[in-house]
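Please look through the structure shown here, starting from the chain as a whole and ending with its aromatic rings.

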Amino acid sequence: MKRLNDTAFENIGQGISAIGAPFGTPWTFLLILVMNMMGCADFVEVDPPRNTLVWETVFDDPSTVESALANLYFGMREQGMVSGTTGVTPVLGIYADELDYYGFGADLIQFYQGEVAAANGIIANWWRHTYHLIYSANDIINGVDASNGLTKDEKNEFKGQALFIRAYLHSQLVLAFGDVPYITSTDYLENGRVSRIPTTEVYAYIIRDLSEALDALESVDFVSSERVVPDGDVVKALLARMYLHEENWEMAASLATELIDSYSLENDLDRVFLKDSQETIWQLKADTEFPLNTREGEQLIIRSIPGQSYALTADFLMAFEADDLRRDHWMGSMSDVDNTITLYFAHKYKADINEMESVEYSILMRLAEQVLIRAEARAHMGDMVGSRADLNAIRNRAGLPDVNISTTDDLLDAIVLERRRELFTEQGLRWFDLGRTGLTEEVMGALKPNWQSTDVLLPLPESELEANPNLLPQNDGY
């Protein structure tokens, strides 16, 4: 069978946002396929065929299922929460204590000032676009299940990927908004009446989907050559992350160990964020025409002052020890023409999106996070020696000496600090860490004058509450 690899991501058309309403229609999948066969202008003018025979035929052809999955990855890279120009990396970076914001976007200013309103356009886009992708993943799951033309291995491979995508996208939503609906249906009328469920139940559904995805993907021994397609290792990485949030230390440590035994940390800090980094577990592939590299680099690298949008905060810079190599390798600086202002920026990604060659992909999961997950889980389980060893592995790679902390509380504090320094400006992990460790009020209250304790969760979009009152009540404080 032809695997979903590099070629499946090429020539993916623009215009995914033109497909349907927040929860789509039963013909979302066919629209995606039509999009791949014509230009964007023509695409929005064409009505898809509306008969069951065509829908069933689509899911009998592995190449069209691969195309639909590739479009989901494209949608995650270019719009919404996961990546794109207003993804969680820059937006939650300014909401937390990582980034200062120098632009004039009203929605972004709300995040920077800690005063996000329910009418904020970014959260409306996050919600709408993420549930749209979830709907499309459900469409693939249902179509693959009903297919008579796919082999058993093809079904497992495709369904495993779609289940993972559904779980991953719901994990983004629940961490940002708290109680949210968990959508598994393609019935747009049913989806338009859904209610929120408690966070603990959302976690349970995520873990259920991930467990099923792992069984499916491991049954075909599928591995992505460029780490751009979710395989069993990617599923394990998200499971470990979710078990950390659930405080299931044993499962978090066990899954992280499996990955630590299979991957290696890059010794050279300048290689960590290259597309062929040996510690990457999952990444979103850049385009073959535009963008050739990452949206994260496009947003975070300062090329001139004035003209910058984001810069690392002074508070964040002070969190680093003097000899930390990450300051030299993962940060850059820029001064104005008069050398009166110097700002520092995240320089993990170094390539411009317009360069002639793709050298960097957007990394969503990498080994260093798993090492720190195991360090934290081991500390909670009383394995101080193992926890220190994991923490020191990350510190030593950054040129720092071992720590010899003897108390659990001090070791956990050191791990949280190391996560801040190692994982900065990566997928909102700092913001989510503050929430799960109960540090949000302490940290943000000291930084943002208008901060309120209820700001730990974002408000549900006002437009969604108006369209579906079953989503009420709104999160506290909004």
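Residues 24 or more positions apart make up 71% of the chain's contacts that have a separation of 6 or more. The model is a predicted one, with 21 helices and 6 strands in the chain. Of its 478 residues, 60% count as buried. The accessible surface amounts to about 18,500 Å², and carbon and sulfur atoms supply 49% of that area.

How confident is the prediction, in terms of the average pLDDT of the chain? The average is 90, and 88% of the residues score at least 70. Residues 1-53 have a pLDDT below 50, and in the model this stretch makes 115 contacts beyond near neighbours in sequence. Those contacts therefore belong to a stretch whose confidence, on a scale from 0 to 100, is below 50.

Among the helices, α16 covers residues 367-380. From the first C-alpha to the last, this 14-residue helix reaches 20 Å, close to the 20 Å expected at 1.5 Å a residue. Is α16 mostly covered or mostly open? Helix α16 is mostly covered, with 13 of its 14 residues buried. Just after the helix comes Gly-382, which adopts a positive phi of about 90°.

The aromatic side chains are the next topic. The structure contains 17 aromatic pairs. In one of them, Phe-273 and Tyr-349, the ring centres are 5.4 Å apart and the planes stand at 70°, so the pair is edge-to-face; the cut-off for that class is over 60 degrees. This pair links distant parts of the chain, as its members are 76 residues apart. Phe-273 sits in the loop between α12 (249-260) and β2 (280-284), whereas Tyr-349 sits in the loop between β5 (342-346) and β6 (362-366). Both Phe-273 and Tyr-349 are buried.

Phe-316 and Phe-320 also form an edge-to-face pair, at 5.1 Å centre to centre and with 80° between the planes. Why do these two residues count as buried? Phe-316 does so because its relative accessibility is 0%, and Phe-320 because its relative accessibility is 8%; the limit for buried is under 20%.

Ring pairs also build a cluster, which joins Tyr-95, Phe-111, Trp-126, Trp-431 and Trp-451.

Terms used. Residues are numbered from 1 along each chain as its sequence is written. Side-chain values use heavy atoms; hydrogens and water are left out. Helices (H or I, at least four residues) and strands (E, at least two) are DSSP runs, numbered from the N terminus. Buried means under 20% relative accessible area, exposed over 50%, partly exposed in between (1.4 Å probe, protein chains only). Contact means heavy atoms within 4.5 Å. Accessible areas come from the Shrake-Rupley method with a 1.4 Å probe; for residues, only the protein chains shown count as cover. The expected span of a helix is 1.5 Å times one less than its number of residues. Rings of Phe, Tyr and Trp (its six-membered ring) pair if their centres lie within 6.5 Å; planes under 30 degrees apart count as stacked, over 60 as edge-to-face and the rest as tilted.
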